[in-house]
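Here is a short note for anyone opening this structure for the first time. Please keep the 3D view at hand while reading.

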Amino acid sequence: MNKLIHKGGIALSAMAIAASVPATVSLPASAAPVRSAGASAAALTNTPAAQLYAALDALLREHADLTATVVQTAITAGPSSASTKAALGALDQNTQALGGAIGSYYGAAAKASFLKLWRAHIGFFVDYTLGVAGHDQMKIAAAQKELNGYISQFSAFVHGATNLPTSAVAADLRGHVSTLEAAINAIVSKSPRAGTLIDMAAMHMDGTAQVLAEGIASVKHVSGSVTGAGASLRAALTGLLVQHVADTGFVVQTAVANHGSLTAPEVKGAIAALSANTNALGGAIGHYYGTAAEAAFLKTWRAHIGFFVNYTLGVATHDNAKVAMAQQDLNGYISSFSAFLSGATKLPRAAVAADLKGHVTTLEAAINAIVSASPDAAQKLLMAEGHMAGTGAVLAQGIASSEPSKVTS
């Protein structure tokens, strides 16, 4: 289990959901850059404040993505199916992890209050989904009324804990509700924009995570800067990498729902959302290492997405030869991409390769579960997303140490 260890003995269970995920990259002391500037910049990505921000970013993005998974599963398998119940269970694991984070700073009573409010708002989203799916305007209106009540109650709770202005918190919560409602509407209607709207709902949570982390850090005197370049780099990479897994999962989910078609409008829209995520990751690399590195990254990253698509098609059609070929291609990707990252960041190539292997194996497991309509599909996706939080942390450290002038605060 990954933990965020804070000065003063505060420990935040950031990713309790990832307990069984393979270990991510660790940076041995012998591999640390010799330059003090690089070491200092790398440390800025790992302050308690940076850890807090990244953990909240990952958990809140997962909340949006897992809610979308519940909706997609309910639409394809039925609201009362074992798969939908299991998806709700995975979403509740995320809720418990968020509750654990709140409890680690504010105690058991605050944790209990958080969980009551947070679980209630998930129930309201479920009611909203059922209303949309059943064209029941009264049910939709009732759910929206409940969500408005949640906004009022939860903004008061957050204000009391963080001293953030109640009106500003309420405005942010309205953004969460409206973006997730839009994503739900698109999923239920099988809109080509569903993938993009899910991403918009998840991206909204980035700002929520930053503001919430700032509020907690201020009240609880967490060391480091939430808004500094190091913390921002780590949170941005964490969010984009978590979303890569979520977007890949949605491509597979929609392809399965459309009988394996990659040209169905809903699937093409999901692929477009995944491509936009790829471009954002490429832009992050280009910002630190230039256009040539961005182009090299995009070529390799897009190729590995294609290999996952081939793997999915092989699993879906029981084509063992296609599965084996895709796995061979993914092994080649691990080798070539670990060389690329090691060259750019000076992180140990073997450690980077081990982390990439973890990404491949956890996402393969999620794909297998989605294609087979296994009830544990959402849990597998959650594990694959959890793995990326560790990847984001160490990749940020490597980038900062190799480009210290761009991570100065």
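This is a predicted model: local features need pLDDT of at least 70, side-chain atom pairs count only at pLDDT 80 or more; totals for chains, interfaces and linings use all residues.

1. The core. The largest nonpolar core holds 118 residues. Leu56, Phe114, Trp118, Phe154, Leu233, Trp301 and Tyr333 touch the most other members. Helix α2, residues 48–77, gives this core its largest share, 13 residues.

2. What does phenylalanine 114 touch? Setting aside residues up to four places away in sequence, its partners are Thr95, Leu98, Gly99, Ile102, Phe154 and Phe157. Phe154 is also among the core residues that touch the most other members.

3. Helix α2. This helix is mostly covered, with 27 of its 30 residues buried. Its length checks out: at 1.5 Å a residue it should span 44 Å, and its end C-alpha atoms are 42 Å apart, so the two agree. Just after α2 comes glycine 78, with a positive phi of about 105 degrees.

4. A buried charge. Glutamate 266 belongs to helix α9, residues 265–289. Glutamate 266 is buried but has no salt bridge.

5. The side chain of glutamate 266 makes a polar contact of 3.3 Å with the side chain of asparagine 258. Beyond its neighbours within four places in sequence, glutamate 266 is in contact with Gln72, Ile187, Lys190, Ser191, Pro192, Phe250, Thr254 and Asn258.

Note on methods: Residues are numbered from 1 along each chain as its sequence is written. Side-chain values use heavy atoms; hydrogens and water are left out. A nonpolar core is a set of buried Ala, Val, Leu, Ile, Met, Phe, Trp, Tyr and Cys residues joined through side-chain atoms within 4.5 Å. Buried means under 20% relative accessible area, exposed over 50%, partly exposed in between (1.4 Å probe, protein chains only). Helices (H or I, at least four residues) and strands (E, at least two) are DSSP runs, numbered from the N terminus. Contact means heavy atoms within 4.5 Å. Lys and Arg count as positive and Asp and Glu as negative; His and the chain ends are not counted. A salt bridge is a side-chain nitrogen of Lys or Arg within 4 Å of a carboxyl oxygen of Asp or Glu. A polar contact is a pair of N or O atoms within 3.5 Å; within protein, one must be able to donate a hydrogen and the other to accept it, and residues adjacent in sequence count only if both atoms are side-chain atoms. The expected span of a helix is 1.5 Å times one less than its number of residues.
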